[in-house]
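Here is a short report on one protein model.

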Amino acid sequence: MASCRWCGSGHGETVLDLGLQPACDDFPRPGDPPAPVHPLRLWACDGCGLAQLPDRSPVPQEPRAVEPAALSAHARDSVAWALSQGLLVAGTSAREFGSPHGGSWVELLAAAGLEVRQDDGAGPVDAVIDVFGLMHEEDQRAGLGHRVECLTTDGVLVLVFPPLETVVELGQWNALRHGHHAYPSTAVAARQLAECGLTVVASVLHPLYGGTRLLAARRSSAVAPRAVSVPLPGDVPRAALTALAESVAAGVAALRAHLQQAAAEGRRVIGYGAASRAVPLLVGAGIGPELLPAVADASPAKQGRLIPGVGLPVVGPDELVAARADEVLLFLPDLLDEVRSALPEVEHSGACWRSVETLMPTRAECPPRPTSTPAS
Ligand SMILES: [Zn+2]
């Protein structure tokens, strides 16, 4: 029986069920036993609307990824924006709640003249920054509450997260992963902040991951009534989550059909980006080495290992170039510019880069069918 990570309600429904999936950050070595699998499903709370993982996640492994340039660019853009809006001010104090995925603002904050304090004993700070951190908290209410406690009376809390409306709009069902316990929409996040006594004072959507939300909020007692009115998107309707679930089958079928057609035509396809979001896609489509002989990745810690669940070998960029593929299928669309400039040899040898996103049916192509329900 699920119990909401925000409001504690036991009432809700499973809206997306990916079945049993290996931990997406547990890359086995050749010869290791098969990776253990765990339920991976999205549950929407009837009480507060928060979409979340209702099941316990496996213990996360050490992060092994190389920080994408797109994530560093997002941090630079966001800090510059927050400074221009007067949300961050030189000479004031700040603390970051980061994530295992990188994209830290700490160095940028220090360079902008803020005093960065990173421990609980340092007292309240003028700015609390959370970059993809909160989603990793099993107890969402306690996690947000702790961040609010770290604020001075007139401090600002900055939350950066992938909002549910982007996941739904772009059909990013494979963004679901163990350890990311909560998937708030912007509207749900704003309500959670209000329940903690905060008012949203600024918001911006950045193009990272197709639309990454930044919300800035202050204690309502420090905000003059009606002084601010920040336009925010409305709630994500439950029917949109049903449509997201229905796009899973279409997405994995499209990937499989593309690779089968390439194999039939004798075109060699190699993957790029042994990322967490590639795992449910490859597992769901049942892609073995006969259809995708390898997935390249820049992280030396992943090279020589296998994609969990399907056993595809992870190779380095050098091996990708040497493989002289006809097509390199990119599992992380945000990396396209970076890998094209880092690996010009791929295109020089006649191969093309293709983002896996271009194979996925768009939302318009997968209209919701109101009579069906997601598998559970
Ligand atoms: Zn709830």
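Phe132 sits in the loop that links β6 (125–131) to α3 (140–149). Helices (H or I, at least four residues) and strands (E, at least two) are DSSP runs, numbered from the N terminus. The phi angle of Phe132 is near 60°, positive although the residue is not glycine. Most residues other than glycine have a negative phi. Phe132 is also buried, at 4% relative accessibility. Buried means under 20% relative accessible area, exposed over 50%, and partly exposed in between (1.4 Å probe, protein chains only).

This is a predicted model: local features need pLDDT of at least 70, side-chain atom pairs count only at pLDDT 80 or more, and totals for chains, interfaces and linings use all residues. Residues are numbered from 1 along each chain as its sequence is written, and side-chain values use heavy atoms, with hydrogens and water left out.

Tyr209 also has a positive phi, near 55°, in a residue other than glycine. Its place is the loop between β9 (198–206) and β10 (212–219). Tyr209 is partly exposed, at 22% relative accessibility.

The ideal angle for four tetrahedral donors is 109.5 degrees.

The disulfide count is 0. A disulfide is a pair of cysteine sulfur atoms within 2.5 Å.

| Residue | Relative accessible area | Class |
|---|---|---|
| Cys4 | 6% | buried |
| Cys7 | 35% | partly exposed |
| Cys150 | 9% | buried |
| Cys196 | 22% | partly exposed |

**Cores and domains**

The largest nonpolar core has 46 residues. A nonpolar core is a set of buried Ala, Val, Leu, Ile, Met, Phe, Trp, Tyr and Cys residues joined through side-chain atoms within 4.5 Å. Leu16, Leu255, Leu282, Ile287, Leu292, Ile307 and Phe331 touch the most other members. Elements giving two or more residues to this core are β1 (12–22), β2 (37–45), α4 (164–169), α6 (238–264) and α7 (278–285). The largest share, 9 residues, comes from α6. Domain 1 (65–236) and domain 2 (254–363) both contribute residues, so this core lies between them. Another core, of 27 residues, lies apart from it and has Ala2, Cys4, Cys48 and Leu215 among its members.

Beyond its neighbours within four places in sequence, Leu292 is in contact with Leu259, Val269, Ile270, Gly271, Leu282, Ile287, Leu312 and Phe331. Contact means heavy atoms within 4.5 Å.

The two domains come from the domain assignment of the protein chain. Such bounds come from an automatic or database assignment. Taken over C-alpha atoms, the centres of domain 1 and domain 2 are 32 Å apart. Across the pair, 16 residues of domain 1 are in contact with 11 residues of domain 2.

**Two further buried residues**

Val315 belongs to strand β13 (residues 314–315). Val315 is buried, at 12% relative accessibility. Val315 and Val295 are 20 residues apart in sequence, yet their C-alpha atoms are 6.1 Å apart in space. Neighbours within four places aside, Val315 is in contact with Ala294, Val295, Ala296, Asp297, Gln303 and Leu320.

Is His180 buried or exposed? His180 is buried, with a relative accessible area of 9%. The residue lies in the loop between α4 and β8 (182–183). Leaving aside neighbours within four places in sequence, His180 is in contact with Leu53, His101, Met135, His136 and Ala175.
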